[in-house]
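Hi,

Here is the structure I promised to pass on. Have a look at it first, then read my notes below.

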Amino acid sequence: SKGLVITASSTWEWFNGELKDESIFKEIPSDHRKSMFESLVVKAKEAEEDAEKVAKKNRKKFVELLQKSREVTAKTSYEKAGKLLGSSPAWEAMDDATRRQCYDIFVDQLKIQAGTKEDAVEEDEDAKKKKKEGKTTKKRKQDEEEEEPPKKTKKKKEEPSKDEEETTKKKPKKK
């Protein structure tokens, strides 16, 4: 008749203290009272575990709903998401505070991913610039090396001068 709520953390001292003056409680043998209390605590623990499993399942379904929804982006407000997805059983299965918390975590992850992608694109662009600069520097060095000492090439024999012609004419050719 007192309407006590037994939870997994309820103690025997608390339970006994609340009911010690109740006539019906006094009629139950003391060893039965304690076993009855322990049984109620076990049931409360099971109920809490079941409730947590259901809550976890609901959170999972809610996050899956968000993931499948193409309308929800890093910039989508909670209110807009509620208008888009509010009729879904996965949305309705959660209390507002938990739903909002899960939504905020989900959107934060989207923002991190978007930031990571942007950072990666920036890093790629920086790497390309550095690589390009490196190629330019290498090319410049090659150009400078080519300009410095001209490569020695065999000189083409020029047509003999008149003096040389006369010399070659005077010398008999060897056979």
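Before anything else, a residue is called buried when its relative accessible area is under 20%, and exposed when that area is over 50%, with partly exposed in between. Keep in mind, too, that this is a predicted model.

Let's start with helix α3, which runs over residues 30-68. Its buried residues are Arg-33, Phe-37, Val-41, Ala-44, Asn-58, Phe-62, Leu-65 and Leu-66.

Asn-58 has a relative accessibility of 17%, so it counts as buried. Leaving out residues up to four places away in sequence, Asn-58 touches Ala-93 and Met-94.

Then there's Glu-48, also in α3. With a relative accessible area of 40%, Glu-48 is partly exposed. Beyond its neighbours within four places in sequence, Glu-48 is in contact with Thr-7 and Ala-8.

Now for helix α4, residues 78-85. Which of its residues are buried? They are Tyr-78, Ala-81 and Leu-85. These three sit on the same side of α4, because they cover an arc of only 60° around the axis. The background is that an α-helix has 3.6 residues a turn, so residues three or four places apart point the same way.

Cheers

Technical notes. Residues are numbered from 1 along each chain as its sequence is written. This is a predicted model: local features need pLDDT of at least 70, side-chain atom pairs count only at pLDDT 80 or more; totals for chains, interfaces and linings use all residues. Side-chain values use heavy atoms; hydrogens and water are left out. Helices (H or I, at least four residues) and strands (E, at least two) are DSSP runs, numbered from the N terminus. Buried means under 20% relative accessible area, exposed over 50%, partly exposed in between (1.4 Å probe, protein chains only). Contact means heavy atoms within 4.5 Å. The arc is that of the directions from the helix axis to the C-beta atoms.
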